[in-house]
Amino acid sequence: MKSTYMMTAVASVLVAGSLPTAAAAEDLTLCWAAWDPANALVELSKDFEVQSGHKMSFEFVPWTSFADRMLNELNSGGQLCDLMIGDSQWIGGGAENGHYVKLNEFFDANDIDMADFIPATVTGYAEWPKNTPNYYALPAFGDVVGWTYRKDWFERPEIQEAFQAKYGRKLGEPATLEELKDIAQFFQGREIDGTTVYGAAIYTERGSEGITMGVTNALYNYGFQYENPDKPYDLEGFVNSKGAVSGLEFYKELYETATPPGSSNWYMSEDIDAYKSGQVALQMNFAFIWPGVEADPNVGGGKSGYFVNPKGPAGHFAQLGGQGISVVAYSEKQDAALEYIKWFAQPEIQSRWWELGGYSALRAVVEDPGFADSQPYAQTFLDSMAIVKDFWAEPAYADLLLSMQERVHNFVVAGEGTAEEALDSLVKDWTEVFEDEGKL
């Protein structure tokens, strides 16, 4: 049964007034990653087509090649995309390289106020430079790394008893990373219903951004910082602090002692598959997967639970995901694309977006009294979005990411060198990037 909150959201969409249309109907192309939320956006956008008279087409690219494909499109001045839901880390390059249309005047003229959105999503998806009122996107999809667990396994009396006997505490959602590691190690190699299962599916992928999006959930909470808070691009002692070294060592131990065999190059889809097929007790993944978990016949319907990334000895953070939606500067249909932005920003459309499986960043949606109870994972999403931290959003983001992927993967998965050596090398790599950029 739908909550009153959700039925009201649907009703609001049905009675929403028509948008003012452009002089002529346009065919707009929206570019994004190929994943479940994109399918939800196709369904949502049918309302825009009806209201505006424009026709929507979509170019969806798998995550593993999304950045290469779309950044090449932007860097070449291509006109494939009128609207781009680009990754959060692209906002600096999108702004400084002139790929995205600046939206301040448009927002002002259409009463779109960034104060109406979750603050972290404004900073993460829309602003450049960070913490300045210069907007190049509208927050489109709030996302964050969190955890899914086999609640039905946790609740079994024999498993509860075995865990209590080993660790002296009740088996439940972990409050700390150390507790998470204990739980993952407890399930590693355990037999459940005649099948050997493993502890946790975590991010280890080397080719795009996977292991970076995973390891940061440990690094942040052990004391890693991207730079000196008082001196931009000052990296020494922050990227490679003693705490950061401990965080990297933690992630390596988690990988070596509590993950399935053959999981040396896993990212979102591999983690989902391992979890849904009953291979693991825990899954690290972005929150976008939770609607699919709930709907899955094997692990949904109350069999799964959700918790925020646990705290560490030096803080409590989670890796920000998600994206903003931008108008591509090379589009010849910018007026129609701006109509889409205006339509998408409406509270009734944002409510429908949440209902379909999208993660709205609009405060009117997530702060509604019925939101926390609207889905089993809604409160975890809210709690997680309150502790987010993001990777670099510099124009040189791709070079910064490639270095981190290499240094971290070589240590965690390939077993090369020490954590301290890996992070010292990362400091050197990033320093060279910023020197080349003229920022040091």
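Both Phe 344 and Trp 353 are buried, meaning under 20% relative accessible area, with exposed over 50% and partly exposed in between (1.4 Å probe, protein chains only). This is a predicted model, in which local features need pLDDT of at least 70 and side-chain atom pairs count only at pLDDT 80 or more, while totals for chains, interfaces and linings use all residues. Residues are numbered from 1 along each chain as its sequence is written, and side-chain values use heavy atoms, with hydrogens and water left out.

Rings of Phe, Tyr and Trp (its six-membered ring) pair if their centres lie within 6.5 Å; planes under 30 degrees apart are stacked, over 60 edge-to-face, and the rest tilted. The count is 52 aromatic pairs. Phe 344 and Trp 353 make an edge-to-face pair, because their ring centres are 5.9 Å apart and their planes stand at 65°.

Two rings also carry a charge over the face (NZ of Lys or CZ of Arg within 6 Å of the ring centre and within 35 degrees of the ring normal):

| Charged residue | Ring | Distance from ring centre |
|---|---|---|
| Arg 190 | Phe 186 | 3.8 Å |
| Lys 389 | Tyr 220 | 5.2 Å |

Now to the domains. An automatic or database assignment gives domain 1 (25–143 + 321–389) and domain 2 (145–319 + 393–436). Together they bury about 2,400 Å², 67% of it on carbon and sulfur atoms; this is the accessible area (1.4 Å probe) lost on being put together, summed over both. On the domain 1 side, Gln 89, Ile 387 and Lys 389 lose the most area to domain 2, together 31% of what that side buries.

Technical notes
Buried area = accessible area lost by both parts, 1.4 Å probe.
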